[in-house]
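Subject: Structure handover

Hello,

Here is the structure for you to look through. Please open it first, then read the notes below.

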Amino acid sequence: MTHFGPHVRPSLEEDCEPIAANLRDADRRECEMWGLDPLHSLRTGLQYSLQPLTIVGHSAKPCAMFGVTYGQPDATIWLLGTDEMFDLRISFLRRTTMWLEHICKPLRAAREVTGVANWVDLRNVKHTQWLLWAGFEKTSTRIAHDLEIAYFRKAL
């Protein structure tokens, strides 16, 4: 089935380059803070995530990729995207709970995994707002690479 409008689908290797090439400044800064190349980050996320998903925008091009990677006691949730993903913010926000449930479903069988979480650069305001809106709690903060970061966690 061909989709012509914005949609979410399983991620593909060929999604990584266009997202990395057009990554939002806040996401690029966050990758750089950790010493990571955005393209490498996307490819690693694709490789190690249980069910990575790609958001395809009005342009019919990939505009964001997200997923969770296995970890104990918390799996790591991540999302990297372009500015185009904000053109879809209302529909994405409405479906956030559904997509989080989908990517976290494989983790529910693993008793040793009790939540999903990640450290986030507090300059990345849109991500921190989305995580809070999605029910994550900011459980701690620290300084990393001279920047304030916070741990956002949601119990499974």
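A residue is called buried when its relative accessible area is under 20%, exposed when over 50%, and partly exposed in between (1.4 Å probe, protein chains only). Keep that in mind for what follows.

The model is predicted, so local features need pLDDT of at least 70 and side-chain atom pairs count only at pLDDT 80 or more, while totals for chains, interfaces and linings use all residues. Residues are numbered from 1 along each chain as its sequence is written, and side-chain values use heavy atoms, with hydrogens and water left out.

Salt bridges

Side chains of opposite charge can pair when their charged atoms come close. Here, a salt bridge is a side-chain nitrogen of Lys or Arg within 4 Å of a carboxyl oxygen of Asp or Glu. How many salt bridges does a search of the whole structure find? It finds seven.

Start with Asp-121 and Arg-123. Their closest N and O atoms are 2.6 Å apart. Asp-121 is buried, at 1% relative accessibility. Arg-123 is partly exposed, at 37%.

Next, look at Arg-9 and Asp-15. Their side chains meet in a salt bridge of 2.7 Å, N to O. Asp-15 is buried, with a relative accessible area of 1%.

Then find Asp-74 and Arg-153. This salt bridge has its closest N and O atoms 2.8 Å apart. Asp-74 lies in strand β4 (residues 74-81) and Arg-153 in strand β7, so the pair ties together parts that are 79 residues apart in sequence. Helices (H or I, at least four residues) and strands (E, at least two) are DSSP runs, numbered from the N terminus. Asp-74 is buried, at 11% relative accessibility. Arg-153 is partly exposed, at 22%.

There is also a network of salt bridges. It links Glu-13, Glu-17 and Arg-43.

A hairpin

Strand β7 has a partner. Two strands pair if DSSP finds at least two bridges between them. Strands β6 (residues 137-144) and β7 (residues 147-155) run antiparallel, joined by seven bridges. Ile-143 has Glu-148 in β7 as its bridge partner. The two strands form a hairpin with two residues between them. In the turn, His-145 has a positive phi of about 55°.

Aromatic rings

Rings of Phe, Tyr and Trp (its six-membered ring) pair if their centres lie within 6.5 Å; planes under 30 degrees apart count as stacked, over 60 as edge-to-face and the rest as tilted. The structure holds three aromatic pairs. One of them is Phe-66 with Phe-92, an edge-to-face pair at 5.9 Å centre to centre and 75° between the planes. Phe-66 lies in strand β3 (residues 62-69) and Phe-92 in helix α4 (residues 89-104), so the pair ties together parts that are 26 residues apart in sequence. Both Phe-66 and Phe-92 are buried. Together with Trp-130, they form one aromatic cluster.

The test is NZ of Lys or CZ of Arg within 6 Å of the ring centre and within 35 degrees of the ring normal. The charged end of Lys-126 sits over the ring of Phe-86, 5.1 Å from its centre. The charged end of Arg-142 sits over the ring of Trp-119, 4.5 Å from its centre.

Plain contact means heavy atoms within 4.5 Å.

Where is Ser-49 found? It is in the loop between α3 (38-48) and β2 (53-56). Ser-49 is buried, with a relative accessible area of 9%. Its side chain makes a polar contact of 2.8 Å with the side chain of Trp-78. A polar atom of the Ser-49 side chain also lies 2.7 Å from the backbone oxygen of Gly-45. Not counting residues up to four places away in sequence, Ser-49 touches Gly-67, Val-68, Thr-69 and Trp-78.

Asn-124 is in the loop between β5 (115-121) and α5. Asn-124 is buried, with a relative accessible area of 0%. A polar contact of 3.1 Å joins its side chain to that of Asp-27.

Best wishes

Note on methods: Polar contact = N/O pair within 3.5 Å; in protein donor to acceptor, adjacent residues only side chain to side chain.
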